[in-house]
Amino acid sequence: MFLIITMILLIIAMFVTIIRMIIGPTVWDRLLALNLISAKTILLLAIYGVYRNNILLLDISISYGIIGFIGIMLLSMFIQRGGRLK
Amino acid sequence: MIYKGLLILSWIYIIFGLIGIFRFNNMYVRLLTSSKIDTVATITILIALIVKSGINDLSLRLLLIMIFIMITNPVNNHIICRSAYLNGIRIKGEIDK
């Protein structure tokens, strides 16, 4: 029961972060919101994995964490170079 | 029983994380709240799940996720902060060189 409430709270937190992503004046606010959403997705997957007692979901959340990390690194490098992929 | 208390604690962290995003006007302070509070919320929830699931390979993976996020989340925020600073967002009160 507690896990369901945590999942619902995480989903609400994601929607609020999406609002911050839309409002965010600078590009880096959007990157920040993206980072938050990916961290919350990992949490959501882990909680759902424990809730359903399904071990595969935890592997998915680890790989999602790795891909999220690399994605944000590349995005910020791309932005830092002023939108050139050189 | 213990994991319920930890989960309640993590709810408070998540709510503070949300308030922290909207309350601060300066971009860097928002980065600070997101990196700190979000990592702590992740650690609390994952410890609660480890306590709930006891000693089996499920909790081993949870431990792995926790260690991974503890390392990468601050690094992520550092990368964003660095690219913001180098591209010209001045921290308030900093004397322009």
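In chain B, in which helix is confidence lowest, and in which is it highest?

Reply: Confidence in chain B is lowest in helix 2 (residues 27-53), at a mean of 86, and highest in helix 3 (residues 57-86), at 88. Here pLDDT is the predictor's confidence in each residue, from 0 to 100, and helices are DSSP runs of H or I with at least four residues, strands being runs of E with at least two, all numbered from the N terminus. Chain B as a whole averages a pLDDT of 84, with 94% of its residues scoring at least 70. The model scores ipTM 0.84 and pTM 0.86.

Residues are numbered from 1 along each chain as its sequence is written, while chains are lettered from A and ligands numbered from 1 in the order in which they are written. This is a predicted model, in which local features need pLDDT of at least 70, side-chain atom pairs count only at pLDDT 80 or more, totals for chains, interfaces and linings use all residues, and side-chain values use heavy atoms, with hydrogens and water left out.

In one of them, Arg30(B) pairs with Asp29(A), with the closest N and O atoms 2.7 Å apart. This pair crosses between chains, from helix 2 of chain A to helix 2 of chain B. Both Asp29(A) and Arg30(B) are buried, meaning under 20% relative accessible area, where exposed is over 50% and partly exposed lies in between (1.4 Å probe, protein chains only).

Asp38(B) meets Lys40(A) in another salt bridge, 2.6 Å from N to O. Because Asp38(B) is in helix 2 of chain B and Lys40(A) in helix 2 of chain A, this pair joins two chains. Asp38(B) counts as buried at 9% relative accessibility, and Lys40(A) does so at 6%.

Lys52(B) lies over the face of Tyr3(B), 5.7 Å from the ring centre; the rule asks for NZ of Lys or CZ of Arg within 6 Å of the ring centre and within 35 degrees of the ring normal.

Aromatic pairs are rings of Phe, Tyr and Trp (its six-membered ring) with centres within 6.5 Å; planes under 30 degrees apart are stacked, over 60 edge-to-face, and the rest tilted. There are 2 such pairs over all chains. Phe2(A) and Trp11(B) are stacked, at 5.6 Å centre to centre and 10° between the planes. They link helix 1 (residues 2-23) of chain A to helix 1 (residues 2-23) of chain B. Phe2(A) is buried at 17% relative accessibility, and Trp11(B) is buried at 16%. Tyr48(A) and Tyr51(A) are tilted, at 6.4 Å and 40°. Both lie in helix 2 (residues 27-52) of chain A, 3 residues apart, about one turn of the helix.

Definitions and conventions. A salt bridge is a side-chain nitrogen of Lys or Arg within 4 Å of a carboxyl oxygen of Asp or Glu.
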